[in-house]
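Trainee: I have a structure open and would like to learn how to read its features. Where do we start?

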Amino acid sequence: MSMRASCVAMGCAALLGACSLAPKYEVPASPEVASYKEAGEWMPAVPADTRPRGAWWEAFGDPQLDQLQEQLREGSQDLRAALARYEQARAIARQARSDIYPTLAVGASATRAKNSANSPTANGLSTSNDLIASANFAWEIDVFGRLRNSAAAARDRAQASAADLAALDLALRAELATDYFSLRGADATLQLLEASVKDFDRAFELTRNRYAGGIAAATDVDQAQTQRQDARSQLASVRLQRALLEHAIAVLLGQPPGNFTMEPAPFVGEPPALDVDLPSTLLQRRPDIASAERAVAAANAEIGVARAAWFPVFALGGAIGYEATESAAWFEAPSRYWSAGPAAIVPVLDFGRRSGTTRQAYAAYEEAVARYRQAALIAYQEVEDNLAALHHLADALRADEAAAASAQRSAYHADRRYVAGVADYIEVTSTQNAALQAQRAALETRVLRMSAAIGLVRALGGGWSSEQLDKPVL
């Protein structure tokens, strides 16, 4: 049999007998949950098709929030960096995939050189030309799946990067929505405190006039002064809080805080009705869990790469071209040359290197499995946490609103009693402060409910699906 026939036969046999040394991959088992404990009977049943998908923030019904989310998509530097990391991962996957196929390179060179006349190889020519035109072929035959498993691992990492991009997008949008409603809560608190400061200023002037007329005591004036200054301190603190929230939103949108302003607006709206589906669907709807699962798949493929290092590496190579010393004879038949043939490299002794690499691959796989299962546990925890928060904060809001109403009535009656001379000013200030704090508590609980609703949307994956791994949509 000729050399050419031997090479072809060897290549065909290798292709037909190619195998993979990676273990058969199966998605690791995760904790089984039949239902969410914190959903209980309080969670309203709504059709599954009402669950927010894609632009989940639109369910909150706030046009300004919708505009901010659109700006986030265009301006966030974190999203741009994550998108660049995803493109890098895709490029690496393409590089790894290309290693499976043969390579062909063509080249040409023209060299003129002067040789030493005293060289042992001197042939009487001190100056000569060397003109070469060639095509070189190389192909590593992937008999044991090393290259295919490397490509699979790179592909899985690219998919994990796509899931990371989706997870970051979800996190940033949830953070923006949380900051937005916190800022609107600060607006409502500022409105309340500004009105309280005006009321306390009027009370101070009235008390001071009563003291000047000999009706009120000096301690009443001091208490009125303390009350209005304390309200001013609270006002300054909330203004600082609002400024910090506005700065945070600006940075999320990729804008300098000095160039960004949000005008005050009322805090309106309630958390939307959210469908939590069944716990069994959660693992397909969370991009962070998808990323962890793809990391497991990549680690499984890496085991195949490590195991293939114990077996021979087969390759086919060849070259064809022309070489001459004169341009006139460069491409004539006598100037042609060629070479072709198989090659094999058999590992013999490496003092434990391959053994260590294989053990590392198995340990990396076990680590990836543990991280995947931990990600699933955290996902269930986050859903339960936010379900519990929505449930108990609804109870807290009802209590806060009832307390605020009764505190306002108490403050009104204390003020009337003081005017009638049957109560001291301590009773007035204490009931007014209690009313103010009760109203603030109700506002804070409203903000916390919106944050819990946003947290639940994020915990449920925000409408994302694992089907978007290969084509992430932002």
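This is a predicted model: local features need pLDDT of at least 70, side-chain atom pairs count only at pLDDT 80 or more; totals for chains, interfaces and linings use all residues.

Trainee: How many residues does helix α7 have, and how far does α7 reach from its first C-alpha to its last?

Mentor: To read a helix, set its reach beside the span expected at 1.5 Å a residue. Helix α7, residues 287-308, has 22 residues and reaches 32 Å, close to the 32 Å expected.

Trainee: Is α7 mostly covered or mostly open?

Mentor: Mostly covered: 18 of the 22 residues of α7 are buried.

Trainee: What follows α9?

Mentor: Gly461 follows α9, and the phi of Gly461 is positive, near 95°.

Trainee: Which residues other than glycine have a positive phi?

Mentor: Asp277 is one of them, with phi near 55°. Asp277 is found in the loop between α5 (218-252) and α6 (282-285). With a relative accessible area of 22%, Asp277 is partly exposed. Phe351 is another case, with a positive phi of about 60°. Phe351 lies in the loop between β4 (336-345) and α8, and Phe351 is exposed, at 76% relative accessible area.

Trainee: Now the empty spaces. What shows where empty space is left?

Mentor: Rolling a probe the size of a water molecule over the atoms shows it. For this model the count comes to two cavities of 30 Å³ or more. The largest cavity holds about 70 Å³ of space.

Trainee: Which residues line the largest cavity?

Mentor: Among them are Glu140, Ile141, Asp142, Val143 and Phe144, and also Ala308, Phe311, Pro312 and Val313. By class, the lining of the largest cavity has seven nonpolar, no polar and three charged residues.

Trainee: What is the volume of the largest pocket?

Mentor: About 480 Å³. A pocket is an open space, whereas a cavity is one that the probe cannot get out of. The lining of the largest pocket has 23 residues, and those nearest its centre are Asp199, Phe200, Ala411, Asp415 and Gln432. The elements giving two or more residues to this lining are α4 (146-212), α8 (353-419) and α9 (425-459).

Trainee: Which element gives the largest share of that lining?

Mentor: α4 does, with 10 residues. By class, the lining of the largest pocket divides into 13 nonpolar, five polar and five charged residues.

Trainee: Both α8 and α9 line that pocket. How far apart are the C-alpha atoms of Ala404 and Arg440?

Mentor: They are separated by 8.7 Å, although the two residues are 36 residues apart along the chain. Ala404 has its place in helix α8. Ala404 counts as buried because its relative accessible area is 7%, and the cut-off for buried is under 20%.

Trainee: Next, the aromatic rings. What describes a pair of them?

Mentor: The distance of the centres and the angle of the planes. Here the count comes to nine aromatic pairs. One of them is the stacked pair of Trp330 and Phe331, at 4.9 Å centre to centre with 20° between the planes. Trp330 is buried, with a relative accessible area of 16%, whereas Phe331 counts as exposed at 54%.

Trainee: What kind of pair do Tyr418 and Tyr425 form?

Mentor: An edge-to-face pair, with 5.0 Å between the centres and 70° between the planes. Tyr418 is buried at 6% relative accessibility, and Tyr425 is buried with a relative accessible area of 3%.

Trainee: Which residues do ring pairs link into a cluster?

Mentor: Trp56, Trp57, Phe60, Tyr180, Phe181 and Phe267.

Trainee: Where does the charged end of Arg228 sit?

Mentor: Over the ring of Phe204, 4.1 Å from the ring centre. In another such contact, the charged end of Arg354 sits over the ring of Trp310, 4.7 Å from the centre of that ring.

Terms used:
Residues are numbered from 1 along each chain as its sequence is written. Side-chain values use heavy atoms; hydrogens and water are left out. Helices (H or I, at least four residues) and strands (E, at least two) are DSSP runs, numbered from the N terminus. The expected span of a helix is 1.5 Å times one less than its number of residues. Buried means under 20% relative accessible area, exposed over 50%, partly exposed in between (1.4 Å probe, protein chains only). On a 1 Å grid over the protein atoms alone, a cavity is a set of points where a 1.4 Å probe fits but cannot get out, and a pocket is an open set with protein on both sides within 12 Å along at least five of seven lines; lining residues have an atom within 4 Å of a point. Grid points are joined across faces, edges and corners, and a volume is the space filled by probe spheres set on the points. Ala, Val, Leu, Ile, Met, Phe, Trp, Tyr, Cys and Pro count as nonpolar, Asp, Glu, Lys and Arg as charged, and the others, Gly among them, as polar. Rings of Phe, Tyr and Trp (its six-membered ring) pair if their centres lie within 6.5 Å; planes under 30 degrees apart count as stacked, over 60 as edge-to-face and the rest as tilted. A charge sits over a ring if NZ of Lys or CZ of Arg is within 6 Å of the ring centre and within 35 degrees of the ring normal.
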